[in-house]
Structures are given as C-alpha cells and as structure tokens.
Amino acid sequence: MATAGGRRVITCYGAAVLLAAALLLSAPDATEAYDSLDPNGNITIKWDVMQWTPDGYVAVVTMYNYQQFRHIGAPGWQLGWTWAKEEVIWSMAGAQATEQGDCSRFKGNIPHSCKKDPVVVDLLPDTPYNMQIANCCKAGVISTFTQDPANAAASFQLSVGLAGTTTKAVKLPRNFTLRTPGPGYTCGRAIVGKPSVFFTADGRRATRAFMTWKVTCTYSQFLAQKPPSCCVSLSSFYNDTTVSCPTCSCGCQNPNGTNCVNRGSPHLGSAIDDPGKWTGQPLVECTSHMCPVGINWHVKQNHKDYWRVKITITNFNFRMNYTEWNLVVQHPNFDNITQLFGLNYKPLTPYGGDINDTAMFWGVKPYNDVLMQGGNKLGSVQGELLLRKDSQTFISEKGWAFPRRVYLNGDNCVMPSPEDYPSLPRMQAL
C-alpha cells in the first residue's frame, strides 16, 4: 500500500486485462484524497457575502480544519481560485493576495489584485489592528480541533468588484486550490448552501449572510508525493542494542554532502538563511537516515501488571520549529493506557468503537508542545505511557511491544524492518 492517505492502482496483464479495466473504471480516481485513519477529515472553506457594494460585495472567507491530526504549519496556507467573470479584489483585511496582476485599465483607485486566478496568504501576527479581523494573522498556521479548537480556523475579508450586486448576478469562483505550501489537497467545486446565521454576543439578535457557499478540500499523501519526513528507532531495557532508523529513510547524502549540514559547522548560519528558508525546504543535519524528525520508542520498564514506554522526538531540521506537533501511533495495547506523563492523548477509532488500537498524542502547553529547530537544546521532547497488561493479548515475543505504525503531523514515518526489532535475551520474558 502507498501511505495512509494513498491508493495504489494495480495494472494486470494477460488474461486479466479485461478484469483490470473493469476494476479501474469502477474504482475511485487515484488522486482522490482519502486517509484511512481520518476518513471524514477535511478543510471546509465557507464564503459568506455580508454586504453589497456599488459594483460587488464584501465577503468573509473562513477555513475550518476538520481533520483530527493534520494541521497546517509554517510557512502556512495558500488559497487560490479562478474568478468566473472579470472580478477584482478592491481591498482585503486579514490576508493579502500574493500578486496584484495587471490593473492598468483602472485609473485613480487601483484594486488590491486584478489577477484572474489570485492566490491569497495569511498575514503575520504583528499586522496592524486596522488590517486584521477575527481569526486572522497567524502566519498561515491552522491547528486541529483536537489539539487547539480556538485556533482551528482562519478568516479573512475581501471586497470584490465587478461581481454583480444580487444573488443571481454573483457567479461562484472556480478551481479552488489549497497548498500548505506544497500540494496534497484536492478541492471540490463551490456549492451554494443556506446563508450563515450570526448571533450577537448576548445571543439576543441574529443576522445572516446574503449568500453562502462552501468548498471542501481533502488531503492525500499520494497526491502530495513528498518524501518521508520522519523515521522511527526502537530500543528497550532488555536489550542494549538500539535499532536505528533505516539508512536513507528520507533520502541519502550527496557524495559531496551538499544536501545536509553537520551540527557545529561554520556554514550552518548562512545555510539556514538561504532562499530555502522562505519555501519551507528542510535543512537537515547529516545523518544516516537524513530525516527532518526522528522518533524513538523505548520500552522502559516492566512490572507484573504494567509496562512503561518512553517516546522521544528529535528535530534534525535546522530551519523549522514544529509548533503543536502530534503523533498518531498504532499498537494493540492502547485500549489499556492507564497514565500519561508529559503527553495529551485521544483514542482514534477509524475502524469502529470495538477496535481501539490507534491513539493520538501531543505535547502539554507550555511544557513540550513546541519542537524547536535542530541544534536547539529544546529540539527534543519526551513523554511516557504507562499501560496495563492484558493477559489475553500481551506477549513478549516477536516485537509485540513496539508500534505497528507511527505518523508525525499526519505523515507516515519510516519504520525498521520487523526482523530488526530488539529481541529478548534467551530465557527471559516480559
């Protein structure tokens, strides 16, 4: 299988050609966004027309992150669309278009953007108040409702001209795109719905938008086609050997070593500030695995009725802080989590309530919720789990104590091969 979010297209030959063709015709498109651990997760974009103007309208656009564990981190979201007519953006608050485009036909009052296909980005937190609206100006970062509901939405306001001044005259934008900043999201078409209703702070009066439409965007690792961003190492109290991340998990070093930097290198400062800083391109420490982030799962202690695990996350990316990081881990003993140390926890049950083998973990504010950039003394965070043993399922052999899958911020991490897992010494049992 590709990754948690991907679908594999299988091509058959010989006598199976006709059957394969029928299957491919009836199967979902390969670029369909789907995540088996969060099948209903999406980002919903709501466009509310709040006011008519002489040649168009003023709208508030809000993006809601309904994904359980995939948030949008730095350098932030980029939302684009194509106008249906000759619309322009007269002004914006809470965001800005990346390009003004050709506004030469206008004299005097010049629009904010005349692009047929504008791309909009969030403003920074220190933006002047007269350019802000509620839920804006977070540098494009959107949390998940699970971790931080107060910051799981982003909004901006725009004044649209040459658009029509009635609900029948307004034409919906087309071809919505959402980048973060790379690909991965597929957006559907805009669909008109019931106008949004807004209540005053005291709840005694309700107003409503003149017109509302929504766009749903879903994520697929297949569509993103990006290399792995994390890997997992394994260790235990009963074996002195640490099973390291597989070699070249996220790529291999160039022969001349130009795609990584050693910690303490005199060239580190200039490398961090090169143009890749603004595109979100990782600058990783030279390691055998070449991953921006490494996760260690350590079986720490064993008691008669309980066992204990220590999780350590280390940032090898010199350019990026991982704000509000999260892990999704699959293990059959997660239905018996008893206590957590330095971690928040939510069970995920994508396969129904009877199967509780998937858990989401994240840091505790302000203790360890931010994974600082590589080389920083706070570039590593830790947490521990205490799990009760279930005599019906607990076994000590064949790597049972180690996770089946690990995801960092929704991305599947590279695991060691099962045959390499730390083994028990002879005549010893957990």
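Which residue in E24 does Lys310 stand opposite? Lys310 stands opposite Glu384. A quick note before the views: this is a predicted model, where local features need pLDDT of at least 70, side-chain atom pairs count only at pLDDT 80 or more, and totals for chains, interfaces and linings use all residues. Residues are numbered from 1 along each chain as its sequence is written, and side-chain values use heavy atoms, with hydrogens and water left out.

**View 1. Strands E17 and E24 pair up in the antiparallel sense.** Here residues 306-315 (E17) meet residues 380-388 (E24) over 9 bridges. Strands are DSSP runs of E, at least two residues, numbered from the N terminus, and two of them pair if DSSP finds at least two bridges between them.

**View 2. An open sheet holds 6 strands with mixed pairing.** Follow the order E15-E14-E16-E17-E24-E20. Strands E15 (239-243) and E20 (337-341) stand at the edges with a single partner strand each, so one side of each has no neighbour in the sheet.

**View 3. Trp47 and Trp81 form an edge-to-face aromatic pair.** Their centres are 5.1 Å apart, with 80° between the planes. Rings of Phe, Tyr and Trp (its six-membered ring) pair if their centres lie within 6.5 Å; planes under 30 degrees apart count as stacked, over 60 as edge-to-face and the rest as tilted. Trp47 is buried at 0% relative accessibility, and Trp81 is buried at 1% (buried means under 20% relative accessible area, exposed over 50%, partly exposed in between, with a 1.4 Å probe and protein chains only).

Methods
Helices (H or I, at least four residues) and strands (E, at least two) are DSSP runs, numbered from the N terminus.
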